[in-house]
Amino acid sequence: MVTPSTPRLVVAAPSSGSGKTTVATGLMAAFAARGLAVSPHKVGPDYIDPGYHALATGRTGRNLDAYLCGPELVAPLFLHGARGCDIAVVEGVMGLYDGAAGEGELASTAQVAKLLGAPVVLVVDASAQSRSVAALVHGFVSWDPQVRIGGVILNKVGSARHEELLREALDSVGVPVLGALRRARPVETPSRHLGLVPVAERRALAVSAVSEMAELVSRGCDLPALEALARTAGAVPGGAAPWTPDLSPTHDDPSASAEGPRPRIAVAGGPAFTFSYAEHTELLTAAGAEVVTFDPLHDEELPDGTAGLVIGGGFPEVYAAELSANEPLRKAVAELARSGAPVAAECAGLLYLCRELDGSPMCGVLDATARMAQRLTLGYRDAVAVGDSVLAAAGARMRGHEFHRTVVEPGAGAAPAWGIRGRERRVEGFVQRGVHASYLHTHWASEPGVARRFVERCRTS
């Protein structure tokens with residue numbers, strides 16, 4: 001069998017804030033403008049950057065997370081997203097060698113680059129240095145010889161003389177400079193408490209921002225050299241084959257199958273619920289469901305014939321008043337939950353199912369209240385299902401990620417969703433009748449039986 005191969009680059013940086021999102025998104029858009037079919041990817045659990053990647057390329061932005069999915073799925077998920085593409089660009093996370101806390105290289109950009117056999121382009125903020133840039137780049141090049149840094153893009157360069165000094169310094173390192181971006185007015189990409197404002201909330205402005213990124217990268221980078229570097233990537237290591245949801249085994253529920261009636265599963269979308277992984281919908285569809293998207297800000301009814309409901313992450317705290325004002329939909333969600341129909345809610349979905357959010361009435365499915373908090377809760381979690389639910393059998397283990405600046409009181413129901421393992425042992429979330437609600441974001445590709453189990457419960461509830 002011929003091992004699949006797609007020309008590819010990983011865009012990384014020494015630290016967060018160096019400009020890799022601007023460079024990666026601009027590079028994707030610039031390649032697309034040259035007529036290439038570009039496959040966009042993001043290392044880690046981030047939901048927001050892939051939205052900008054999708055605007056840049058016209059293709060679904062996908063995540064590559066070695067903690068949530070396991071290192072063994074990184075290459076298959078990459079190849080799944082890159083099918084039919086001419087080139088792939090992978091945006092890194094944090095600094096090149098930063099990964100899951102206390103887990104060595106796990107989930108780092110460096111690990112993903114090695115798993116993909118992809119050359120790395122290092123984006124360096126050069127605004128406060130000249131000759132020292134050589135020591136910095138040399139350190140990153142030599143730290144792990146298995147990570148191939150194929151070039152540097154200098155960001156925030158002050159002048160032609162500054163660029164000349166930087167290039168002279170880097171000559172001694174033997175790593176080519178593939179671009180130099182001048183210090184300029186930042187591209188308009190507003191942020192708030194959880195990062196960039198998602199594309200769905202600022203569509204026209206986001207399109208303009210991506211266009212500016214493309215212009216910046218096209219003007220300051222050697223696109224032919226970057227494309228040539230991408231083409232030096234050979235076959236993906238290990239003989240990996242593309243991930244396919246149709247062939248996913250039913251890990252936790254062998255009795256479930258894709259045969260039988262097609263239940264209609266409603267998935268929350270729109271500006272308030274933008275956090276989701278594309279593979280979830282693909283898995284639900286492969287398991288035999290008909291997936292229909294609705295917008296809780298505007299739709300006053302659930303889609304006709306809804307047999308199950310999935311409410312992912314997002315920013316309900318920003319839209320609490322509007323969500324509360326849509327009383328007909330809140331009542332419809334509560335009625336569906338009371339009927340025992342399967343409902344899977346993650347983070348934002350958990351808040352929406354509470355009695356209230358910052359004083360605004362929500363669906364009232366859970367006997368809990370939610371409010372904004374001062375402290376950001378962020379990090380990977382190792383979890384075990386406390387009891388049986390529509391998503392998992394008791395004792396099933398999953399890895400997840402928390403990312404929120406809200407608090408739900410109480411934090412767990414009489415039947416919790418998850419027990420969190422490790423140093424921070426606690427129970428979290430709610431399981432009642434067909435409802436599974438939790439702060440934990442999970443990636444179902446790691447346990448495809450979750451989707452099949454949920455669809456089967458939708459058929460039989």
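**An enclosed strand, its partners and the charged pairs**

Strand E1 (residues 8–12) is largely enclosed by the rest of the structure, because five of its five residues are buried, where buried means under 20% relative accessible area, exposed over 50% and partly exposed in between (1.4 Å probe, protein chains only). Arg 8, Val 10 and Ala 12 lie buried on one side of E1, and Leu 9 and Val 11 lie buried on the other. The model is predicted, so that local features need pLDDT of at least 70 and side-chain atom pairs count only at pLDDT 80 or more, while totals for chains, interfaces and linings use all residues. Residues are numbered from 1 along each chain as its sequence is written, and side-chain values use heavy atoms, with hydrogens and water left out.

E1 pairs in the parallel sense with strand E4 (residues 87–91) over four bridges, pairing being assigned if DSSP finds at least two bridges between two strands; here Arg 8 stands opposite Ala 88. Three bridges join E1 to strand E5 (residues 120–125), also in parallel, and Ala 12 stands opposite Leu 122 in E5.

Turning to charged side chains, the count comes to 21 salt bridges, each a side-chain nitrogen of Lys or Arg within 4 Å of a carboxyl oxygen of Asp or Glu. One of them joins Arg 167 and Glu 163 (2.9 Å, N to O), which are four residues apart in helix H6 (residues 160–171) and therefore separated by about one helical turn. Glu 290 forms a salt bridge with Arg 264, with the closest N and O atoms 2.8 Å apart; this pair links distant parts of the chain, Glu 290 in strand E11 and Arg 264 in strand E10 (residues 264–268), 26 residues apart.

How values were computed:
Helices (H or I, at least four residues) and strands (E, at least two) are DSSP runs, numbered from the N terminus.
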